[in-house]
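Take a look at the sequence and the 3D structure below. Keep both in view as you read.

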Amino acid sequence: MNGILCMYKPEGFTSFDVIAKLRGILRMRRLGHAGTLDPMATGVLPVFVGGATRACDILPNQEKSYLARFALGYETDTQDSTGTVTNRYDRQVTRQQMLELLPRFTGQISQIPPMYSAVSVDGRRLYELARQGVEVERKPRTITMDRLELRQFDEASQTGALFLACSKGTYVRTILHDLGRALGCGGVMTGLERQSSCGLTLEDCVTFAQVEAARDAGRLSELLLPVDRMFAAYPALHLNPAQSRMYRNGVKLSLDRLTLPEQSEKYRIYGDTGCFFGIGRTEEGLLRVDKNLTAGEDAS
């Protein structure tokens, strides 16, 4: 069984908890996920099944989007509402002040990873140090914020919701913390739903209950999304029988003898039977295997 289960992660589960539960449901160990979510967060978590796990680290589309709920007026050590309050503020802000600030957090920006994160410093996870009351210097990271929209804001309660479309590695709670700092009133994340990840959306999601029901009915394969969907950004290149045999054996193919749909550095490669082989890369007039995703069988 190979493909992608787009899971709807429930609140209270870590991403690893989702994998662990699915291993029990599917009775298989070869599972991986794309994009860690904190226990507070819900929403889209792509889970790669079987040979599809080989695709986890080469996905061309790493953009993610979120609906993040927030409260202004205080800060916590975790930058969300589950943490210990560290500061409180009397300042009230308006919707217009929020809107005027958002452009400063759009485009390529720099953020410092929070202490309660899985980032490693000198071989130790930051969250391990934070739990011991230790704070260390962290290097800023450059991220890309493609969209940042204020979806809701109640001036009386100083609460609201932001929509964010951002690059891999963005800490949403840090965005809210930094927004609060810039406004002079503090801010924390109170809820988070990932609405898309790597091209998959909430509409693609299934629940644990749906997976269990499909298993009991012998219809698990109907829930699996084909792994080549994750590489739709690359042109599709179809090989003939002879080319398929050579490619699967690792032989580099001359581009002059291939029917290329368009010029590209990378292609989605399909065999003569329609089987998705994986990703091919062009170099010096040749097509070579960049990533084999078949694992000896059809990974779609």
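This report covers aromatic rings, charges over rings, cysteines and one proline.

## About the model

The model is predicted: local features need pLDDT of at least 70, side-chain atom pairs count only at pLDDT 80 or more, and totals for chains, interfaces and linings use all residues. Residues are numbered from 1 along each chain as its sequence is written, and side-chain values use heavy atoms, leaving out hydrogens and water.

## Aromatic pairs

A pair of aromatic rings is described by the distance of the centres and the angle of the planes. Rings of Phe, Tyr and Trp (its six-membered ring) pair if their centres lie within 6.5 Å; planes under 30 degrees apart count as stacked, over 60 as edge-to-face and the rest as tilted. The structure holds 6 such pairs. One of them joins Phe-231 and Phe-276: the centres are 6.4 Å apart and the planes are at 35°, so this pair is tilted. Phe-231 lies in the loop between helix 5 (208-216) and strand 14 (236-238), while Phe-276 is in strand 17 (residues 276-283), 45 residues apart. Helices (H or I, at least four residues) and strands (E, at least two) are DSSP runs, numbered from the N terminus. Both Phe-231 and Phe-276 are buried. Buried means under 20% relative accessible area, exposed over 50%, and partly exposed in between (1.4 Å probe, protein chains only).

Now take Tyr-247 and Phe-277. Their ring centres are 6.0 Å apart and their planes at 10°, so the pair is stacked. Tyr-247 sits in helix 6 (residues 241-248) and Phe-277 in strand 17, so the pair ties together parts 30 residues apart in sequence. Tyr-247 and Phe-277 are both buried. There is also an aromatic cluster, formed by Phe-231, Tyr-234, Tyr-270 and Phe-276.

## Charges over rings

A charge sits over a ring if NZ of Lys or CZ of Arg is within 6 Å of the ring centre and within 35 degrees of the ring normal. Lys-21 has its charged end over the ring of Phe-208, 5.4 Å from the centre. Arg-88 does this with Tyr-74, at 5.7 Å.

## Cysteines

How many disulfides does a search of the whole structure find? It finds 0. A disulfide is a pair of cysteine sulfur atoms within 2.5 Å. For Cys-6, the nearest cysteine sulfur is that of Cys-205, 3.7 Å away. Cys-6 is buried, at 1% relative accessibility.

The sulfur of Cys-56 is 9.2 Å from the closest cysteine sulfur, in Cys-198, too far for a bond. Cys-56 is partly exposed, at 23%.

## A proline in a loop

Pro-103 lies in the loop between helix 2 (95-101) and strand 7 (107-111). Pro-103 is exposed, with a relative accessible area of 57%.
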